[in-house]
Amino acid sequence: MSKVLAILVGALCFSGIANANNNYIPILYNLSTILDFNPVKGPIKSLDEHVVANGKEIQEIKLNFDNGFCVENLTINRPTEGYSLELKLKGSVLEGQKNGKPFSIELSKDCNLHTVNDNGDKMEYTLNSNGMIKDTFFLGSKISEHFYDKESNFVRSVFLFEDKVLSKNEVTYADSHERPLDYKITNSSGNSGGFIATNSCEYSEQLVPKLCQLTVQKTDSPPSKPTEMTVSTKVEFY
């Protein structure tokens, strides 16, 4: 199931903070892109999120931020897979272990995503002018590109291998202002069937996606039974 989540988060790739009450903190949004969780707008102090599928919790993620909106610590557990990640901020690096092996995220001077080192495998990221992920590189080669509209809503991603397109995601929103995580993703792949994912949430007054219903339908033929997940999110603000 985490593979489905990873694809979706890769698809949703949603510096100093300006207007933190109304915008995503860039490091939070970028971490949500690479670590599989729903981003939330505003001056966040902590985030606690649970994902349930078929009556079982498949993921829990917790983050804490200092009053400068930099990540202090981060933990992820996926009990059905035996997956765990635990990171703490040391200087400008979130350091720790993933499944018992070294894992670290190097941050820029303004506490945004720079590189990810997964037990020696290093990903490098470039960001756009709003601090969101633009391109991802592995061993010097570009492996993904991300595109946004004029309001910084993610609308498209392309995944590459040796400069050839492996797959693409197109994202549309019901109302990107008032319902920022109500979306439809259409995935297409040259090597296998794609999928269509739809997400619908209940929001607080601060647009926290308190409870979301995510449905993923593969486009193989004949069609398989859709996968349904529930995502609940609790947030503390400064």
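How many of the ten residues of helix α2 (residues 26–35) are buried? Nine are, so the helix is mostly covered. Before selecting them, note what is loaded. This is a predicted model: local features need pLDDT of at least 70, side-chain atom pairs count only at pLDDT 80 or more, and totals for chains, interfaces and linings use all residues. Numbering runs from 1 along each chain as its sequence is written, and side-chain values use heavy atoms, with hydrogens and water left out.

**Stop 1: helix α2**

Select residues 26–35. Helices (H or I, at least four residues) and strands (E, at least two) are DSSP runs, numbered from the N terminus. The buried residues of α2 are P26, I27, L28, Y29, N30, L31, S32, T33 and L35. Buried means under 20% relative accessible area, exposed means over 50%, and partly exposed lies in between (1.4 Å probe, protein chains only). Now step on to D36, which follows α2. Its phi is positive, near 70°.

**Stop 2: the disulfides**

Show the cysteine sulfurs. The structure holds two disulfides; the term stands for a pair of cysteine sulfur atoms within 2.5 Å. Counting bonded cysteines along the chain, the pattern is 1-2, 3-4.

Start with C70 and C111. Their sulfur atoms are 2.0 Å apart. The angle about the S-S bond is 85°, and the link is right-handed. This pair joins distant parts of the chain, 41 residues apart. C70 is in the loop between β2 (56–65) and β3 (71–78), and C111 is in the loop between β6 (101–107) and β7 (113–118). C70 has a relative accessible area of 12% and is buried. C111 is also at 12% and counts as buried.

Move to C201 and C212. Here the sulfur atoms are 2.1 Å apart. The torsion about this S-S bond is about 105°, so the disulfide is right-handed. C201 lies in strand β14 (residues 195–203) and C212 in strand β15 (residues 209–218), so the pair ties together parts eleven residues apart in sequence. Both cysteines, C201 and C212, are buried.

**Stop 3: aromatic pairs**

Rings of Phe, Tyr and Trp (its six-membered ring) pair if their centres lie within 6.5 Å; planes under 30 degrees apart count as stacked, over 60 as edge-to-face and the rest as tilted.

Select F69 and Y238. They form an edge-to-face pair, 6.1 Å centre to centre, with 80° between the planes. F69 lies in the loop between β2 and β3 and Y238 in the segment after β16, so the pair ties together parts 169 residues apart in sequence. F69 is buried, at 16% relative accessible area. Y238 is partly exposed, at 45%.

Next, Y148 and F154. Their ring centres are 5.9 Å apart and their planes at 75°, so this pair is edge-to-face. Y148 is buried at 17% relative accessibility, and F154 is buried at 0%.

**Stop 4: charges over rings**

A charge sits over a ring if NZ of Lys or CZ of Arg is within 6 Å of the ring centre and within 35 degrees of the ring normal. The charged end of R78 sits over the ring of Y83, 4.1 Å from its centre. R156 lies over the face of F147, 5.4 Å from the ring centre.

**Stop 5**

Not counting residues up to four places away in sequence, T233 touches N38, V40, L47, D48, E49, V208, P209 and K210. With E49, the side chain of T233 makes a polar contact of 3.0 Å. A polar contact is a pair of N or O atoms within 3.5 Å; within protein, one must be able to donate a hydrogen and the other to accept it, and residues adjacent in sequence count only if both atoms are side-chain atoms. T233 is buried, at 4%.

Go to E106 in strand β6. At 31% relative accessibility, E106 is partly exposed. Leaving aside neighbours within four places in sequence, E106 is in contact with S92, V93, N112, L113, H114 and T115.

Finish at T126 in strand β8 (residues 121–127). T126 is partly exposed, at 29%. Residues up to four places away in sequence set aside, T126 touches M132, I133, K134, D135 and F137.

Key: Contact means heavy atoms within 4.5 Å.
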